[in-house]
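Please look over the model below before reading on. The points that follow are numbered for reference.

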Amino acid sequence: MLSIDELTRRFGEKAAVDKVSLRIERGSFVGVIGRSGAGKSTLLRMVNRLTDPSEGRIVIDGVDVTALRGQALRDWRARCAMIFQQFNLVGRLDVLTNVLIGRLNKAPLHRSLLKSFSVEDRAIALAALEQFDIANLASQRADQLSGGQQQRVAIARALVQEPDIILADEPIASLDPRNTKIVMDGLSRINRDYGITVLCNLHSLDLARAYCDRLIGMSAGRVVFDGSALHLTEDVARELYGLEVGDVIDIEESVQASRLNGSSRVEVARSVPLAAA
Ligand SMILES: Nc1ncnc2c1ncn2[C@@H]1O[C@H](COP(=O)(O)OP(=O)(O)OP(=O)(O)O)[C@@H](O)[C@H]1O
Ligand SMILES: [Mg+2]
């Protein structure tokens, strides 16, 4: 169980995350939704302490994550794998080595310093690539892969880390529909088969509804919705995205513009009920 208590992060005067309290059950697939600037990334980044909270606590299985330092903090980071919109692979390294980086925390210090991996680690990394149908790319440089392939490598790297929780910050924001499905299905399978908790920021309400057991809606740093996708009514979605009647016209225009320039960000706008103004 991950408990977040009155968690706040301020940047100057502004609270990016404002007294957020949540309980996240082990093995759940939770989507964090809300418009740009709502505080979704800041919330995720605080969970693995890429960003430190200004106030409040994060407790996992009774351990106060907010107080961890040194090795204990590194151990915690190894238990929560992060997946980013921009994949964050090491471009000049081959795919297999990128996945093996996820094993570094499992290796004895001398091996991890030398980046020398055991036969077992290599087998685990290859098996992870096989799960995502990209074992044939193992020896290719990561920067020669398509976005969808890179994100699959990033998920394989997260998986071999054997984390308790995967924090995915808009993992599909720069992918086409086919790769979006492959990546979301991959996260869903990891969640189901290994019981790894997934906390995933998503711009698309449709995807959030399709994949998540539970949705957390954020607005201006606060949680304004917390429940099953079934309960996310059009009214709540409208409140969540702060849409006023006048905004609907802007949104429709932005949908048109995004269609013209092929932006993947169109999902948000498309998902919001336009006709019900
Ligand atoms: N390092 C920072 N320094 C100053 N302000 C920041 C910093 N990080 C985030 N913020 C501010 O905190 C607020 C929340 O940002 P955050 O990135 O968490 O939002 P988000 O919901 O992830 O948005 P998006 O959907 O655009 O990714 C924003 O107003 C942002 O400008
Ligand atoms: Mg963000």
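**Notes on the predicted model**

1. Lys14 counts as exposed because its relative accessibility is 57% (buried means under 20% relative accessible area, exposed over 50%, partly exposed in between, with a 1.4 Å probe and protein chains only). Lys14 belongs to strand β2, residues 14–24 (strands are DSSP runs of E, at least two residues, and helices runs of H or I, at least four, numbered from the N terminus). Between Lys14 and Gly221 there are 9.4 Å in space, C-alpha to C-alpha, and 207 residues in sequence.

2. This is a predicted model, in which local features need pLDDT of at least 70, side-chain atom pairs count only at pLDDT 80 or more, and totals for chains, interfaces and linings use all residues. Residues are numbered from 1 along each chain as its sequence is written, chains are lettered from A and ligands numbered from 1 in the order in which they are written, and side-chain values use heavy atoms, with hydrogens and water left out.

3. The largest nonpolar core has 52 residues, and Leu129, Ile166 and Met184 have the most contacts inside it (a nonpolar core is a set of buried Ala, Val, Leu, Ile, Met, Phe, Trp, Tyr and Cys residues joined through side-chain atoms within 4.5 Å). Helix α6 gives the most to this core, with 7 residues. Another core, of 27 residues, lies apart from it, and includes Val30, Val32, Val47 and Ile58.

4. Leaving out residues up to four places away in sequence, Leu129 touches residues including Val95, Leu96, Val153 and Ala156 (contact means heavy atoms within 4.5 Å).

5. α5 passes α6 in a right-handed crossing (right-handed if the near helix is turned clockwise from the far one by less than a right angle, left-handed if anticlockwise). Among the residues making the contact are Ile124 and Leu129 of α5 and Val153 and Leu159 of α6.
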